Number of protein chains: 4
Amino acid sequence: MSHNSFGHLFRVTTFGESHGPALGCIVDGCPPNIPLTADDIQVFLDKRRPGQSRFTTQRQEPDQVKILSGVFEDDRTGGPVTTGTPIMLMIENVDQRSKDYAEIRDKFRPGHADFTYQAKYGIRDYKGGGRSSARETAARVAAGAVARKIIPGVTIRGALVQMGPHKIDRTNWDWAEVDRNPFFTPDARAAKFFEDYLDGVRKSGSSIGAVIEVTASGVPAGWGAPLYGKLDQDLASAMMSINAVKGVEIGAGFESAALSGEENADEIRMRRGKPEFLSNNAGGILGGISTGQDVVVRFAIKPTSSILTSKRSISAQGEDVDVMTKGRHDPCVGIRAVPVGEAMMAIVLADHFLRHRGQVG
Amino acid sequence: MSHNSFGHLFRVTTFGESHGPALGCIVDGCPPNIPLTADDIQVFLDKRRPGQSRFTTQRQEPDQVKILSGVFEDDRTGGPVTTGTPIMLMIENVDQRSKDYAEIRDKFRPGHADFTYQAKYGIRDYKGGGRSSARETAARVAAGAVARKIIPGVTIRGALVQMGPHKIDRTNWDWAEVDRNPFFTPDARAAKFFEDYLDGVRKSGSSIGAVIEVTASGVPAGWGAPLYGKLDQDLASAMMSINAVKGVEIGAGFESAALSGEENADEIRMRRGKPEFLSNNAGGILGGISTGQDVVVRFAIKPTSSILTSKRSISAQGEDVDVMTKGRHDPCVGIRAVPVGEAMMAIVLADHFLRHRGQVG
Amino acid sequence: MSHNSFGHLFRVTTFGESHGPALGCIVDGCPPNIPLTADDIQVFLDKRRPGQSRFTTQRQEPDQVKILSGVFEDDRTGGPVTTGTPIMLMIENVDQRSKDYAEIRDKFRPGHADFTYQAKYGIRDYKGGGRSSARETAARVAAGAVARKIIPGVTIRGALVQMGPHKIDRTNWDWAEVDRNPFFTPDARAAKFFEDYLDGVRKSGSSIGAVIEVTASGVPAGWGAPLYGKLDQDLASAMMSINAVKGVEIGAGFESAALSGEENADEIRMRRGKPEFLSNNAGGILGGISTGQDVVVRFAIKPTSSILTSKRSISAQGEDVDVMTKGRHDPCVGIRAVPVGEAMMAIVLADHFLRHRGQVG
Amino acid sequence: MSHNSFGHLFRVTTFGESHGPALGCIVDGCPPNIPLTADDIQVFLDKRRPGQSRFTTQRQEPDQVKILSGVFEDDRTGGPVTTGTPIMLMIENVDQRSKDYAEIRDKFRPGHADFTYQAKYGIRDYKGGGRSSARETAARVAAGAVARKIIPGVTIRGALVQMGPHKIDRTNWDWAEVDRNPFFTPDARAAKFFEDYLDGVRKSGSSIGAVIEVTASGVPAGWGAPLYGKLDQDLASAMMSINAVKGVEIGAGFESAALSGEENADEIRMRRGKPEFLSNNAGGILGGISTGQDVVVRFAIKPTSSILTSKRSISAQGEDVDVMTKGRHDPCVGIRAVPVGEAMMAIVLADHFLRHRGQVG
C-alpha cells in the first residue's frame, strides 16, 4: 500500500505537518556501505530551503537534517556509511508562526486541499495547511539525496522552463546558468525577464504557475519494466505526487500527439561500437524501459492558491463566505519544485536500479 | 511490487503476449455478491476490438472473454455473482498470423520496445511485439468492466479530443456522438474531418498521434489520499502504464502553468444545501482527494511506430540497418485507447473507493 | 496487498476453485533466459497429484499444466526460455463430480471454512469447498517448480516426520526412502507402520493430522533481512498460508523454549577456510538472515475435517443440524502437503534471492 | 515490499538501533478522529520497559514516546485526535553505555545475528546488537497501542505459559494474576516457582527460553481472507518477525497433528440466536478467516544468546575464537515478549479490520 510511501526496493515513507514539531522520512532498502553524512543531504535541502530570495516564502526554516538511524561510524573506514537498515531523516520545524488560524479553521481556501481533507477525514490540521503543505517536500529532497548516492553514474538536473505563459528560449540553454539565478532557469535572458515579471506578480498579491524539466544523464539501457512497472509510469506517479502538479510528460510528451510516425521515430545508428539515437522524442524510455539516452520529464505546477484577492468559497458550516489568504507564501511555488523534481527522479531511478538488479542481476 | 500488477485493494495482474495462446488477467479484491457475467465484460471488449473499421488494424480477434474463477451461480439468485475470491479472465488469441518474423527478429524497429526489451532481458518475444503489443490492453478493458460494477454510481466516459495536430471544437461536444463515429470523438464535424484525414495517413503508410480525455461523473468528495496515494497520482500512473502514452494531465493540466492564482482558483458556493464549484480547473481533485466534481484526465498517445517508410536503425548484432514495418497496424492507435483509458479510470476509482472505505468506513 | 498473491520480487498470484473450469497462477518477476517447459513443472505436480494410492483422495485429476505466457521458443537455443514477463500456468479441472451439493450448500461442515466464508462474504462456492479446497495447492506446486529454476544451487526436500501421534525415528532418516513409500516419509520402518495405521483410519471414515519437515541445502549465508523481511518470518507466512496448517517452527522450534543459552547456541569453527556451525538449532537462520547451514522448517497439518462421523453443527439458516461428510477425501491430507511445503520453500527462497541481489548486488 | 514495514492498510514502518540516538516508527493508514495521546501509548511501553525487576536487563531506558505527527489538537473536541495522516512515534535512547565494543566488533557471538548481518551487508552496527537488538520491539509496542484504538471492541491479552521446560498449570489460569508477577504468567503457583528458577538461571550467567500465548476476544466472524491474506498466516508472520521467536502455532497448533478428525472438529450449536462453537481447536480461525471465537496464538522464544559461558566461534577475520558475553541482558527475554506479542496481535487485527471493511464494507 502507498498511503505515504513511495518506491519498492528503495522505499521512502514520509511524515509530518507544516506546523508540527518535525517532519522527515524513513528511507528503507538502501544498499549497505555507502558513505553518507548529514552534509551530503544538507546541500540539497539548502537548495530547496525557503526564504533565500524575495521570490519565495519568507518563512525562515533552517531545514537542518538529522540522521537518526541506518548509518554506522565504522572504526576502520573513519566515516559513517549505510548499514542496509532503515535510514531515518528528521527535520525539525522552527518557524511555526503563532498566528491566529481562526479564519482558515472555518473557511475552505479555494484551490487548497482544505475542503477535500475535511470531506475525507472529517477533521484537518489547518495550521499552515498541515500535511498538504509544501513543507513536506523537504522530506522528498532529503530522501532524494540518499537516492543519488545509489546511482553515482547518473547525473540529475532540473530547470524551470516556463513561468506563467512565458517559456524560455531553449537555444539559450546553459546548465551552469541554473545556479546563477533564483529561478533555477537555464536561460540567462529569461532569468532577467522573470525577475521583473515575478516582482509584479508578487507585489500584486497574485501568483503564477510554472513548468519544470528534469533530466537524468547516464542511465544505462534496461532500467524499468513492461507495462505496470514502467519507468515513465513511475516517473509520472512520482511527479504527480508532488503538491500542485497538474501534468506530467515524457520526452516529446503532448507534442507527440501531433507528430507523424516518421517524425516521432528516434532513429538509431552504431557510433564507436555503441547504439546511438539520432533524436530523443522518446525521452529516453521505450516500452517502459530506459534506452540509454537522457531520461527527460516535464511537469506543470499550478499557481500558488494563496492569493490576496478575495474569492468566493464556503465555510465548514456550509455557509457562503469570501476568502483572502494573507501570510507568507511563494508567488511561484514552481521555483522550489526544481530540487523536488530532481529528488523524485533520483528516487525513481534508484528504485528501478535495484529492481533491475534484483530481477536480471 | 508492481511488475505486472496495478492497484492495491482492487488489484489487476495481467499476462500474455500478442502471439501466445491467450492473454488475460486476475482481478483480486473484488467485493462479493456483485452480479457478473461474461457479457457484462464483452460489451467493453467489443468496443476496443480491432478490425471494426478501416481505421484500425485488420487483425481479426473476436476477443471472447471467459471467466474461469471467482463467480458462483447461486441457486437462489439464479445468476452468477462474485464471491470475493480472485476473478480470472481469459481471452484466447485466434489470429496469430504465421508470417515470417525473421526481419524483426534481428532488427530493432525505431519507436518500438524491441531495443529496450533486448537490452534489459537479453531475449524478447518478437512475434507481434510480444508483451509490448497493444493487445495487452484487452486485459485492462476486461478488468475495467469488473471495476465499473464496484462503483455503479460513477459514470465513466472517454473521448478522442485531438488527432495529430487537429483539436476538436469543444463547443460541439456531444457525448452521444462518441458512439456514432469510428473515432470515439464527441464533435460530429471533427469526426467528418478525421475520416478524410486519417484515410490520407493510412494510405501513405504513415501514422499519427492523438489526445484522449476521460471523465468520471458521480465520484463523491473524499476518495484519494494525501501525497503518495493521491487520486491524480494513481491516474497518472494508470494512464502512463498504457502503451504509447507520453503525457498525462488533470483538469487544466499544462495550461494551469500559465494561469494566475485568481484564474486558477475554483470558487465554491452552496447550491441547494450542497457545495458547488463554479469551475473545474482542478479536474475534480484537490490535494490528491476528489472534490465531488467530474474527475477529468487527458493523455497523449504517440503515433504508431509501425510505418511503411524506411528508417535507420541497428540489428541485434550491432550493425546499421534500415527498417520498414509491413503488416497490420493501427494508423492512429490513439482511437482504441479510448476504451482503455476508460478502463484504467474505472480501475483507479474502484481501488480508491475500497481504500477509502477501508480507512474511513 | 496480499489477498491472493505471495512474494515480492518473485510473486505468485493464484486463482481457481475446486469445481471451476480451471485453476492456476501468474508467476511474476521471474528472471529471463531460464529454460522452462511444462515437463519441468509436471514432474512436481505428479508428485502432488491425487488418486495415486489408496491413501489419498480418489478424485482423478491429471493436473496437466499449460504455460500460456512468459516463455519464448528462441530460434537460436532451440527450446523455450523465460522472457522476464509474467508466466501464466493453467491447470484444467477434469473430475468435477456432478453430485448433489444440496446438503453442504445449507450446512456448515465443522472444521471446514464453510461458516467463515459465509460470514465474511455472505456467499460461498460450496462445490468441493470452492476456493478453500486443497486443490488450490496445485497452483503452488506449479509456481514452486519455476522458483526452483531460479535457485539451481539449492536442494529442497520435504518429508513427513509424524502421522497422528506417531513420530518417525530420526536415526532411520534416509532421503532416498522418501520416494519409495506413499507417505513421503524418510523412515522405512515408519512407512510400514503408517500403512496399517492409515488403513485403519481410512476404513473407519476418520482422518488424522501430520507434521511435515522441509529442508533447503545450499542456501548461501546472507539471504533474508532484518525484522520484517526475515527469512523465517516469510517461511512462517508461506507455510501457514497452506490449507489446514496450524503451526510452523524453524530449527529447534518449540523445543528451543526448553533449552538453556548454552544448549541452544550453535557454535562456529573455521573448517577448510570456511565457517562451519557445529549444530543447527537455529534452523539455518539468525536474525532473519540465512547462515549458510540447512534451512529447516516444520509445520503441523490438522486432520482432514471431512469425516464419516456425524457431528453437531448449524445450517446457513441458523438451525441446529448434524453433518457427516461423504465423498472423496484424503484420510491424511498432510501426505500431499509434502510437495506443497517444498514448493512454498522454493518460492520464499527465490524471492529472497532476488531481493538480496536487488539490495546488495 | 516489507524490509522494515508490516501490515497493509494499517502499516507500521520501524527504524532505529540499540545505541543510536532514537528509535520508533511511522504508523500509516490510521483512521481519523481517534483520540490519541502519548499517555495512551506510554502505558504499554511501561509494561515492556526494561529494568523493572531483577529478571530483565538492567539497562535503564525511560522509553518516553513522543508523537511527532498525525494528531491534531482540535479546538472543538479539546484533545488530540488522529487526522488520517502518518503518525510518527519517536523514543529517544538514553542509556547507551559507552563501553568498549572492541570485543564484539571483531567476534561473532553464537546465536546472535552478528555473523549473518556481516555476511549479508559486509558491515554491521555492533553496538548493543544494532538493529537486531530487542530494543526495536519498543517501536512495535508503541504501534500496537495505536492499533488497539482502532478495534476498541477487541480485548488482547498475553501470558507466559512456559519457562524453560516448565509449563504452567492451565487449570490455575487467572488473567488478573498476569499483572501481579514479573513474568506475566497467569498461574500464581508457577509464578512463585519461576522466581526461584529464574534466579538460579540468572546467577549462573545462563538464560532460558519461553512460550507466550496471546488471545484476542471480541473479534467478529469474517476478518481475514482466503489463502494468502489469511489471518493465521499474518499472525504467524507477525510473531515470527519478533526477535528470537522460533515457532508459532494457532489454537491446538502442533497438537492438532496428533488428533483425529473427530477430536479436532469444533462442533457448533445455536445459543440464544447466535452460533456458538463447543470447542476451539481452531484457535478462532477457519480457512484464514475469524470464527468469532477467541483468536489464540502461541509462540516460542529461544533463550537469550548472551551468556557468561565461553563458547566457540570465529572472528570477522576468519579465526577461531572463544566468546563470552558480559554486560546487561535478560536471562529470559521471553518475559518482555508478552507485551510485544500483544502489540503484534493488535497490529494484525487492526490491519485485517480495515482490509475487511475495504473489501466487504
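# Reading the chain pairs and their sheets

Modeller: Chain A and chain B meet through 105 residues from chain A and 105 residues from chain B. Keep in mind that this is a predicted model.

Colleague: How do I read the size of such an interface?

Modeller: Interface size is often given as the accessible area lost when the parts come together. Here, chain A and chain B bury about 8700 Å² between them. Carbon and sulfur atoms give 59% of that area.

Colleague: Which residues of chain A lose the most area to chain B?

Modeller: A:K120, A:Y228 and A:K246. Together they make up 11% of what the chain A side buries.

Colleague: And what about chain D and chain C?

Modeller: There, 105 residues of chain D are in contact with 105 residues of chain C. The buried area is about 8700 Å², with 60% of it on carbon and sulfur atoms. On the chain D side, D:K120, D:Y228 and D:K246 lose the most area to chain C.

Colleague: Next, charges. How should I think about a salt bridge?

Modeller: Side chains of opposite charge can pair when their charged atoms come close. Between chain A and chain B the count is six salt bridges. One of them links A:D322 to B:R269. Their closest N and O atoms are 3.2 Å apart.

Colleague: How many salt bridges cross the interface of chain D and chain C?

Modeller: Six. C:D320 and D:R269 form a salt bridge, with the closest N and O atoms 3.6 Å apart.

Colleague: How many polar contacts go with them?

Modeller: Between chain A and chain B, 55 residue pairs are in polar contact, both residues at pLDDT 80 or more. The side of chain A that touches chain B has 47 nonpolar, 38 polar and 20 charged residues. For chain D and chain C, the count is 55 residue pairs in polar contact, again with both at pLDDT 80 or more. The chain D side that touches chain C has 47 nonpolar, 38 polar and 20 charged residues.

Colleague: How many salt bridges are there over all chains?

Modeller: A search of the whole structure finds 108. Take B:D63 and B:R135. Their closest N and O atoms are 2.8 Å apart. This pair links distant parts of the chain, 72 residues apart. B:D63 lies in the loop between α1 (38-48) and β4 (65-67) of chain B. B:R135 lies in the loop between α3 (114-121) and α4 (137-150) of chain B.

Colleague: Now strands. What holds a sheet together?

Modeller: Strands of a sheet pair through backbone hydrogen bonds, either parallel or antiparallel. In this model, pairing also crosses from chain to chain. Strand β11 (residues 245-250) of chain A is joined to strand β11 (residues 245-250) of chain B by three bridges, and the two run antiparallel. A:E249 has B:G247 as its bridge partner in β11(B). In the other pair, three bridges join β11 (residues 245-250) of chain C to β11 (residues 245-250) of chain D, also antiparallel. C:E249 has D:G247 as its bridge partner in β11(D).

Colleague: What is the strand order of the open sheet in chain A?

Modeller: The five strands run β1-β2-β3-β7-β4, with antiparallel pairing. β1 (5-6) and β4 (65-67) of chain A each have a single partner strand, so one side of each is left without a neighbour in the sheet. A:F6 has A:V12 in β2(A) as its bridge partner.

Colleague: And in chain D?

Modeller: Chain D has an open sheet of five strands, in the order β1-β2-β3-β7-β4 and with antiparallel pairing. Its edges are β1 (5-6) and β4 (65-67), each with a single partner strand, so one side of each lacks a neighbour in the sheet. β4(D) pairs with β7 (residues 87-92) of chain D over three bridges, in the antiparallel sense. D:K66 stands opposite D:M90 in β7(D).

Colleague: Which rotation superposes chain D on chain C?

Modeller: One of 180 degrees, with 0.0 Å of shift along its axis and an RMSD of 0.0 Å. Here too the same surface serves both copies: 100% of the contact residues of chain D recur in chain C.

Methods: Residues are numbered from 1 along each chain as its sequence is written. Chains are lettered from A and ligands numbered from 1 in the order in which they are written. This is a predicted model: local features need pLDDT of at least 70, side-chain atom pairs count only at pLDDT 80 or more; totals for chains, interfaces and linings use all residues. Side-chain values use heavy atoms; hydrogens and water are left out. Two strands pair if DSSP finds at least two bridges between them. Helices (H or I, at least four residues) and strands (E, at least two) are DSSP runs, numbered from the N terminus. Contact means heavy atoms within 4.5 Å. Buried area is the accessible area (1.4 Å probe) that two parts lose on being put together, summed over both. A salt bridge is a side-chain nitrogen of Lys or Arg within 4 Å of a carboxyl oxygen of Asp or Glu. A polar contact is a pair of N or O atoms within 3.5 Å; within protein, one must be able to donate a hydrogen and the other to accept it, and residues adjacent in sequence count only if both atoms are side-chain atoms. Ala, Val, Leu, Ile, Met, Phe, Trp, Tyr, Cys and Pro count as nonpolar, Asp, Glu, Lys and Arg as charged, and the others, Gly among them, as polar. Copies are superposed by least squares on the C-alpha atoms of residues with pLDDT of at least 70 in both.
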